[in-house]
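Welcome, and please have a look at the model below.

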Amino acid sequence: MSTLSVHGHEGAHHEEDHGHHHHKETFLSKYIFSMDHKMIAKQFLVTGITMAVIAMILSILFRIQLAYPDKAFPLMETLLGRFAPGGRLNADFYLALVTIHGTIMVFFVLTAGLSGTFSNLLIPLQLGARDMASPFMNMLSYWFFFTASVVMLSSFLVQKGPASGGWTIYPPLSALPKAMPGSGMGMTLWLISMVLFIASSLMGAINYVSTVLNMRTKGMDLWKMPLTIWAFFLTAILGILAFPVLVAGVVLLIFDRSFGTSFYLSEIVLGGSAQPFEGGSPILFQHLFWFLGHPEVYIVIMPAMGISSEVMSVNSRKPIFGYHAMVYSLIGITVLSFIVWGHHMFVTGMNPFLGGVFMITTLIIAVPSAVKTFNWLATLWRGNIRFTSAMLFAIGMVSFFISGGLTGIFLGNAALDINLHDTYFVVAHFHLVMGSAAIFGMLAGVYHWFPKMYGRMMNEKLGYLHFWLTFIGAYLVFFPMHFMGLDGVPRRYYAFTEFESMKRWLSVNTFITWAAIMAACAQVAFLVNFIYSMFWGKKTVQNPWEANTLEWTAPIEHFHGNWHGEIPTVYRWPYDYSKPGAEEDFIPQTVPLSQTMSSNLPHDFEDNPAGLEAHAKWTSTQKSNEEVK
Amino acid sequence: MLSVLAAFLLLGTNMLMAQDATKDTAATASSGDATPSVWLAPGYYILLFVIVCFVVGIVGKILRVYDLTQQIQNKKPINWHNVMGICCIIFLIVGMYGAYWSFAVQGAMILPESASAHGVKIDEMFWTTTVLTVIVFVITQILLFGFLFRYRYSEKRRGHFLPHNNTIEKVWTIAPAIVLTILVIFGFFTWQQITNTIDAKGEQASINVDITGHQFAWELRYPGTDGRLGETNYKLVSGSNKVGVDFKDKFSYDDLQADTMYLPVHKSIKLNIHAQDVIHSVYMPHFRVQLNAVPGLPTYFKFTPTITTAEMRRKVGDPKFEYIVYCNKICGAAHYNMQRVVRVVEESEYQAWLAQQKPYLTDQIKKDLKFAEVKPVAKQNRLALNN
């Protein structure tokens, strides 16, 4: 079923195409409006990295404010003008920085930058397809994303500054332009940008799902797919089901802002005068927002999990432990992630009984997460671990996922959340479990598949430096924040100078800021490595990591269609590493079982009685041969 | 190459000296010509960063040269797998010590014991969860980095082919499930107890206190002698009637306004939470109390303070310690400074304080509403008499 659509015409078309190039690729069609999934992946990656750097700079700006609330930095006024009068950030602009940092990181970097890059790159390559199901829609997906990025950044140029109600944009704050400067034009741009972004993400996700379901090569049944593909597939399903709900929420917010409706507004007095809104509920927006918002954090983390699983298996030279459990836990997370959104709302005034129910579902979702963690540890156990940069980042991802995941047990507990909600404990939690973990997953992917993308290798030593500085930096930044949260220090505070009890955290804040600056500087190592290696890096070999998956059978040089001639057939699962009896410590998916008689196990023939018979015959002849000897 | 490095270091030190010197001049110089001083400090840091980059580059080259010479001499080049394995084990040890230090030093700075009855249960749960998670944290991180060191790459070895093991997988699915179930059950009942708080029959009625958030302050309203708060209506909010008390409701006549939230110790308090403009959040961390203030959705939180301010001052050893209520939901520019002092006092002190508070029904409002002079005056007298 999987091969029907691809093989018939496209394969044939390609063969003739390859001999003499029919349509010449112009610069425009190759680099700008490309419909080749590999180029689109690179476009997503470069845009994602650019957005990440911008969001990181924003975070450094507000970290400086938190570390030195009373100090003026004349340079800031030079660079930011009216947003930093006298060299000190303005309180509204501080909130705008926090808001846009969060928005860019969650949506533009960790959703589009991560899924967009690696789903596009790997789904066709690891499944054996010539391209996505709909290359044109894929191109549109990127350009909607690009437009959304431009609109989002353009909000820095409007008079009153960008949206500043927090990345969750709760109304009424975001709905009333008079409530704060950022709720004016900046918020309008934010909403436009998000609608474009969601359109992009839906087009991408529909493509990913249809490609995975319809365009797998011969022999690639679902249970032979690498975990990366499983993760991207389930992520795409999550996105398709959850993002439209955010559109609904956003559209109603636009109505409230611009057309005088009262979906989210009721009984409001602003500037001393009663507003004409009646009958709406701010809680409704929170329900709609978090119905996307919670699946969103899994949209962010699941691709990172998939990438880390793959990278760790390759570099441990061991099959991923409990492949089926890994897939089922991903499915479990996918399903459960739709019924846990209320844990963001325990103290919003939502009916407390609902809070109790959401607490139960939330703590259930910890079980598949725990299973994944243990399986990763078991994958490392008795491996033969190659420390590539990608491997280090995958390990970092696991470490962050454990550290940040454990604090989720506190926050998922409604009773404990009463005192922890919206404090720095939450900031520490999600920055570790979804921020740092997901970005490490993404970086692992970049280091691992860089040869596939650019045909060259990245510098490993610089990668090591980048890893250790970032890894240590992230822990130094986020670990102390837990204790601030336990002291009741709220997030999104412009300064902690107004509270006697919070002043003692100033030294910790200064420390965190310097750790953040160090980690930010370490990213220069990455950027230099990335750009340098893109043009002058060492040329890669066909299969630099000695991996099993299909993408490493595709030629190094890129062309639209991925494989010359016929697409390779798949005979086995992707994790036959260090199989006893095999010559090498890896057996690519394209090697038939008939060529590896010495390493086959009865397990390989679970649904293949004929094969099992042949295998039994072969082993018995081997045995008798030995006896003869 | 080393001389280049030395030159850069020297330059850096020179710059540092120069920086120190210019700092003084910058401080004394007025705002006249600001351009050089604007760029000087950042320029120094940028230069420092560039130097660090050079050093990194040079170290990289040195390593490469070393590697190449080793290869020429047919010796083994640096085994980076070993280096990284050792880095992992160092990170584990130093990191564990760092975590311990953080727990010891910063952990000592967290909130003092709960000053409310329900908070004690929350704290118990918190410490149980902390112990469990710290154990899991330590074990898993040790395993993670320990495995990395122990099973680092060696040409002589092969990985152990272990695709799955159903028994152990079942164990580590069921074990966390059981632990989490226990936590869920306790959490669920604690949560129910905290939030299902309608005054039970026979129980003494809670003291109603209204707290209303607006940009950027909290307004407090206490019931007068009748023990009941009057109705409010957002349409009545004005400069003189800050929370929109509806004076058609006679219970409102003796409602009192206050600047500080005084609470009698060991008395059940029902905090009625309102917001006027945007969402705020009433956060009183010492009492483990938090609930959002949502416009159009009045909510309440019932709790019983158990430790007076004076007692808590002794406990934390800070004579200036105050309980505070502050805003914990982003609400605009001055979100970071929206606080009221909370004082938990003995009943007698509470009554004495209450007697001194001014009623919401001010002379100005009386004039605005054309109230007959008689009624409020009588009320005032009654209040005075009762005390």
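## Terms and a buried methionine

Two residues are in contact when their C-beta atoms, placed from the backbone, lie within 7 Å. By that rule, and leaving out residues up to four places away in sequence, Met326(A) touches Leu227(A), Ser309(A), Ile320(A), Lys372(A) and Asn375(A). This is a predicted model, where local features need pLDDT of at least 70, side-chain atom pairs count only at pLDDT 80 or more, and totals for chains, interfaces and linings use all residues. Residues are numbered from 1 along each chain as its sequence is written, while chains are lettered from A and ligands numbered from 1 in the order in which they are written.

Met326(A) sits in helix α10 (residues 323-336) of chain A; helices (H or I, at least four residues) and strands (E, at least two) are DSSP runs, numbered from the N terminus. Met326(A) is buried, because 25 other C-beta atoms lie within 10 Å (buried means 20 or more, exposed 12 or fewer, partly exposed in between, with C-beta atoms placed from the backbone).

## Where the chains meet

In chain A, 101 residues are in contact with 95 residues of chain B. Helix α11 (residues 352-380) of chain A gives the largest share of chain A's side, 14 residues.

## A sheet in chain B

Chain B has an open sheet of five strands in the order β4-β10-β9-β6-β7, with mixed pairing; strands pair if DSSP finds at least two bridges between them. Its edge strands are β4 (261-264) and β7 (289-293). Strands β9 (residues 323-327) and β10 (residues 339-345) of chain B run antiparallel, joined by four bridges.
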